[in-house]
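Subject: Structure for you to look at

Hello,

Here is the structure for you to open beside this email. My notes on it follow below.

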Amino acid sequence: MNKAGLEDVVAATSTICDVNGTQGRLIYQGYDIHDLAVNSTFEEVVYLLWFGRMPNKQEFEAINRELRVNRKLPAEVIKMMREFPKQTPGMDVLRTTVSMLSMFDPDTLNNDPEANIRKATRLTAQFPTIVAYWDRIRNNKEVLAPKEDCNLAANFLYMLNGTVPDDVSAKSLDIALILHADHELNASTFAARVAAATLTDMHAAITAAIGTLAGPLHGGANQEVIKMLLKIGDVEKVEPYIKKMFEEHKKVSGFGHRVYKTEDPRATHLRRMSEELGKREGDLKLFQMSRKVEELVMADKGLYANVDFYSASVYYLLGIPIDLFTPIFAMSRVAGWTAHVLEQYANNRLIRPRAEYTGPSNLQYVGIEKR
Ligand code: ACO
């Protein structure tokens with residue numbers, strides 16, 4: 001076993017999510033992601049992740065209502081967001097704002113299971129508002145009150161753009177949110193569980209997770225993918241560009257995965273959506289470039305596209321600003337993070353591994369004037 005990066009180390013038992021890397025299967029609480037992507041909604045998946053089963057009609061109506069009425073941000077938080085430097089990346093804004101929300105949450109000091117469900121609900125409802133408000137604030141636009149008659153995906157696009165989205169855009173984002181909602185002990189979820197295991201509060205654990213997701217080896221990769229595609233600019237230029245990356249031993253963002261050694265099942269849906277949205281726009285260039293990159297990386301490295309590869313062109317074709325791609329990932333993954341925090345609290349033991357010491361020993365202290 002390669003200890004570096006805790007590869008293949010099983011660090012928790014969990015009922016929330018199963019990733020089978022050899023079969024390319026992703027399961028949320030017993031349900032295959034392909035089934036959920038086609039038939040479910042993000043709100044229903046949130047319930048499934050938190051409560052371990054599908055909601056009945058009344059339960060679904062209740063969670064739907066709670067996820068709609070809790071979308072607003074405290075005025076003090078919006079005021080503070082207006083003070084942030086306009087060039088601040090979306091993930092930094094999200095991290096700081098979520099941390100700030102703990103100061104205004106009525107349940108901050110209450111770690112009971114019911115209070116934690118309320119906090120998880122508020123956070124999941126508030127994430128899209130933070131992301132959309134930040135984009136409007138930095139562009140000197142008025143923020144828009146959330147629309148309670150839209151689901152989470154449609155309301156986000158409304159608050160971002162100022163118009164109610166068409167059905168295809170809203171449905172595409174809803175599916176993307178379902179696909180990103182959980183992924184077992186990925187780096188950001190592990191960070192959330194490590195924090196929660198100290199019995200710190202939900203907001204602290206989610207803040208740790210946001211910081212972890214931002215890195216380019218994790219959720220930050222979707223932004224790197226679109227920057228690369230836009231830089232290449234044309235299907236004919238893909239091959240020389242990627243070959244040069246290989247020669248320079250650079251990694252191609254959106255490829256490879258610690259667990260999947262076959263097609264990432266999320267990429268299957270995002271690839272289809274990328275093509276459909278491209279056709280709708282009457283411009284398949286991004287999709288064709290992506291296919292070419294995929295072909296070259298497979299031929300040379302034997303690596304498959306991961307979730308971040310095609311989500312990049314999907315979000316771009318939905319008109320979302322590039323630095324909001326990773327915050328959108330977070331808007332979905334907060335459902336999984338909070339589910340894992342709830343599970344950790346329910347059966348907690350401090351997570352405290354050991355390090356193998358490889359430093360020197362038996363050194364004698366020498367005063368600074370003699371060094
Ligand atoms: N492009 C080119 N080569 C790659 C890539 C890539 N994207 N990914 C892995 N490799 C190569 C490595 O260079 C290494 O080769 P070597 O053994 O000759 O040195 C080998 O494959 C193993 O790679 P590691 O980085 O050791 O694999 P690890 O399991 O640690 O990393 C990771 C997985 C971080 C996802 C990696 O594949 C990567 O950096 N991909 C690009 C970034 C990315 O897309 N991240 C998003 C992942 S999905 C998510 O977090 C939501």
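The buried residues of helix 12 pack against helix 11 (221-232) and helix 14 (285-301). Buried here means under 20% relative accessible area, exposed means over 50%, and partly exposed lies in between (1.4 Å probe, protein chains only). Helices (H or I, at least four residues) and strands (E, at least two) are DSSP runs, numbered from the N terminus. This is a predicted model, in which local features need pLDDT of at least 70 and side-chain atom pairs count only at pLDDT 80 or more, while totals for chains, interfaces and linings use all residues. Residues are numbered from 1 along each chain as its sequence is written, and side-chain values use heavy atoms, with hydrogens and water left out.

Helix 12 covers residues 235-247, and its buried residues are Val238, Ile242, Met245 and Phe246. Viewed down the axis of helix 12, these fall within an arc of 95°, so they line one face of the helix. The arc is that of the directions from the helix axis to the C-beta atoms. An α-helix has 3.6 residues a turn, so residues three or four places apart point the same way. On the face turned away from the buried side, helix 12 carries the exposed residues Glu236, Lys237, Pro240 and Glu247. Just after helix 12, His249 takes a positive phi of about 55°.

Helix 9 (residues 187-196) has 7 of its 10 residues buried, so it is largely enclosed by the rest of the structure. Among them are Ser188, Thr189 and Arg193. Helix 10 (202-213) and helix 16 (325-346) are included in what covers the buried residues of helix 9.

Asp8 sits in the segment before strand 1 (17-20) and is exposed, with a relative accessible area of 62%. Gln29 lies in the loop between strand 2 (25-28) and strand 3 (31-32) and is buried, with a relative accessible area of 14%.

As for the whole protein chain, it has 16 helices and 3 strands. Of its 371 residues, 51% count as buried. The C-alpha trace spans about 70 × 55 × 45 Å along its principal axes. Among contacts (heavy atoms within 4.5 Å) between residues at least 6 apart in sequence, 74% join residues at least 24 apart.

Regards
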